[in-house]
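Subject: Structure handover

Hello,

Here is the structure I promised you. Please load it first, then read my notes below.

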Amino acid sequence: MPALKLTDFTCTITWLGRVTDRDAALESQPSDSLRAGFDGPEGEFHGGINRPSCSRVMHLHPRNTPIRNVRQFSILSQEDLDQIATRMEVDALHPDWLGATMVVKGLPDFTHLPPSSRLQGPDGVTLVVDMENRPCQLPAKVIEGHLPGMGKRFKSAAKGLRGVTAWVEREGVLTLGESLRLAIPDQPVWSQLEAARKG
């Protein structure tokens, strides 16, 4: 029996981009297509097989310890972006301001896809969802530059809507307008989840 269930849920790629130099700017540069290799999107600063550990995993690894890079892609849904904008009371949020790699449309509750879900494109390119991408303050400065007085609203407005991080399981090309099909791990939620959260 397959461990992953191929579903009838699909989404459409509505935006693609890459951060070419994180030290210069968080903003993504839009692109019509992205080649996804095992080390992530071609030309993406956040790519690579490994990455230095950061504050997200400091309780497991000292800062700057080399670890596997499961954050090669930052993926958001247009629906979640629209909700963040509404919460912030702005007309729109542009994905490049958030350093996004990809925006999709059509998958409900996108930010809460089960970890290990797959998004597969027509040529077989497959991205593995690592987990929800928790909001941080990094986009606030960029947003502030475009919408003065609004940057500080981002972190709280984006809670539960920031999309997911993902890594490349199968190489290929992602193109604007293409459809991605969702596969989910065929298992129930762990029975001890709530107890584990309580510590």
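The largest pocket has 46 residues in its lining, and Arg51, Cys54, Arg56, Arg71 and Asn133 lie nearest its centre. Bear in mind that this is a predicted model. The volume of this pocket is about 1200 Å³. Its lining splits into 18 nonpolar, 17 polar and 11 charged residues. Several elements supply at least two lining residues each: strand 5 (50-52), strand 6 (66-68), strand 7 (73-77), strand 10 (126-132) and helix 2 (138-146).

Is Arg51 buried or exposed? The cut-off for buried is under 20% relative accessible area. Arg51 has 14%, so it counts as buried. Beyond its neighbours within four places in sequence, Arg51 is in contact with Val57, Thr65, Pro66, Ile67, Arg68, Asn69 and Arg71.

Next, the second largest pocket. It holds about 370 Å³ of space. Its lining consists of Pro114, Pro115, Arg134, Pro185, Gln187, Pro188, Val189, Trp190, Leu193 and Arg197. By class, that lining has 7 nonpolar, 1 polar and 2 charged residues.

Now the cores. The largest nonpolar core has 22 residues. Which of them have the most contacts inside it? They are Ile75, Met102 and Leu174. At least two residues of this core come from each of strand 1 (4-18), strand 3, strand 7, strand 8 (102-105), strand 10, strand 11 (164-170) and strand 13 (179-185). Another core lies apart from it, with 20 residues, including Leu81, Trp97, Phe154 and Ala157.

Ile75 has contacts to list as well. Leaving out neighbours within four places in sequence, Ile75 touches Met102, Val104, Phe110, Leu119, Leu127, Arg162, Gly163, Val164 and Ala166.

Three strands form an open sheet in the order 4-3-12, with antiparallel pairing. Strand 4 (40-41) and strand 12 (172-175) are at the edges; each has a single partner strand, so one side of each is left without a neighbour in the sheet. Strand 3 (residues 33-37) pairs with strand 4 over 2 bridges, in the antiparallel sense. Gly37 has Gly40 in strand 4 as its bridge partner.

Best wishes

Technical notes
Residues are numbered from 1 along each chain as its sequence is written. This is a predicted model: local features need pLDDT of at least 70, side-chain atom pairs count only at pLDDT 80 or more; totals for chains, interfaces and linings use all residues. Side-chain values use heavy atoms; hydrogens and water are left out. On a 1 Å grid over the protein atoms alone, a cavity is a set of points where a 1.4 Å probe fits but cannot get out, and a pocket is an open set with protein on both sides within 12 Å along at least five of seven lines; lining residues have an atom within 4 Å of a point. Grid points are joined across faces, edges and corners, and a volume is the space filled by probe spheres set on the points. Helices (H or I, at least four residues) and strands (E, at least two) are DSSP runs, numbered from the N terminus. Ala, Val, Leu, Ile, Met, Phe, Trp, Tyr, Cys and Pro count as nonpolar, Asp, Glu, Lys and Arg as charged, and the others, Gly among them, as polar. Two strands pair if DSSP finds at least two bridges between them. A nonpolar core is a set of buried Ala, Val, Leu, Ile, Met, Phe, Trp, Tyr and Cys residues joined through side-chain atoms within 4.5 Å. Buried means under 20% relative accessible area, exposed over 50%, partly exposed in between (1.4 Å probe, protein chains only). Contact means heavy atoms within 4.5 Å.
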